[in-house]
Amino acid sequence: MLRRQVTSLLSICRQNVTQYKNIPQYLHNPTISTLIPHSFPQKSPLEFLKNPSPKIGFLGTRAYSLLSLNDLRDNKGARKQKTRKGRGIGSGKGKTAGRGHKGQKARGTHKFGFEGGQTPLRRRLPKRGFHNPFSLTFQPVGLGKIAKLINAGKIDSSELITMKTLKEAGAIGKQIRDGVRLMGRGAEHIQWPIHLEVTRVTVRAKAAVEAAGGSVRKVYYNKLGFRALLKPEWFEKKGRLLPRAARPPPKQADKVDSIGRLPAPTKPIPFTAEEREAMSTPAV
């Protein structure tokens, strides 16, 4: 293919050179040469350009390339065929398929980490630390960020601010594993009463909210409860009813104020006198 194209290109160049000799010297301008025909008639250039002859070819650089779309090929070795094993002795990978005769390596696979019977690496190295199965992961959110969202109009401070409200406003991420912890960062920006329901709250944040005339209630939701709180439309799509709010386990009973409400509430629950007395009494 390449040889045929080179031969055609050489013949075209030779033909252009022989016809180019018969053209007057003032037409050797490269810009005019692409428009002047091979057999130039006895006319002025402007007259010829106005009335060109369709039977006469054009002289000049032809848009000819050695590379065409139908000639595109990968470089040699760019595409390597997969080795087919066990397909006859002619391939060199037949019968035993390159594994040799007998032995453990010629047979099936073995357990990951098996080192032939000696003590594996995972047992030779000592243990360090432990994994606490009861650990909880909370997403932190500061009072300064909540105040900024309220000023931006993304949160209505007259209504109850729940974890669903914080998620929809962008104050916390999408993945809420065990709840939200309210932090005291930016507490000086809270100048009006707000009511919140979160999983955990720091002492500084709680004092700042209550000093402004608001309240913070620590509520408990389990995994299914968080799904019902954040995505109630999922249950409607599946044709299911919202689950009942779960009670906190004994280890978390003294760390929350009440059970979370479903669906997401809009009005805060005022603290009773017993609850306020329990909150003021330090835990033993």
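The model is predicted: local features need pLDDT of at least 70, side-chain atom pairs count only at pLDDT 80 or more, and totals for chains, interfaces and linings use all residues. Residues are numbered from 1 along each chain as its sequence is written, and side-chain values use heavy atoms, leaving out hydrogens and water.

**Overall**
- The protein chain holds ten helices and six strands (DSSP runs numbered from the N terminus; helices are H or I, at least four residues, and strands are E, at least two).
- Of its 284 residues, 27% count as buried (under 20% relative accessible area, 1.4 Å probe, protein chains only).
- The accessible surface of the protein chain is about 21,500 Å² (Shrake-Rupley method, 1.4 Å probe). Carbon and sulfur atoms account for 54% of that surface.
- Take contacts (heavy atoms within 4.5 Å) between residues at least 6 apart in sequence: 51% join residues at least 24 apart.

- E2 spans residues 180-183. Val180 and Leu182 point to one face and are buried.
- In a regular strand, side chains alternate between the two sheet faces.
- E2 pairs with E1 (residues 139-142) in the parallel sense, over four bridges (pairing needs at least two DSSP bridges). Glycine 142 stands opposite methionine 183.
- E2 also runs parallel to E4 (residues 200-201), joined by two bridges. Here arginine 181 has arginine 200 as its bridge partner.

**Helix H8**
- H8 covers residues 223-230. Its buried residues include Gly225, Phe226, Ala228, Leu229 and Leu230.
- Helices H6 (163-169) and H9 (232-238) are among the elements that cover them.

Note on methods: Buried < 20%, exposed > 50% of the residue type's maximum accessible area, 1.4 Å probe, protein only.
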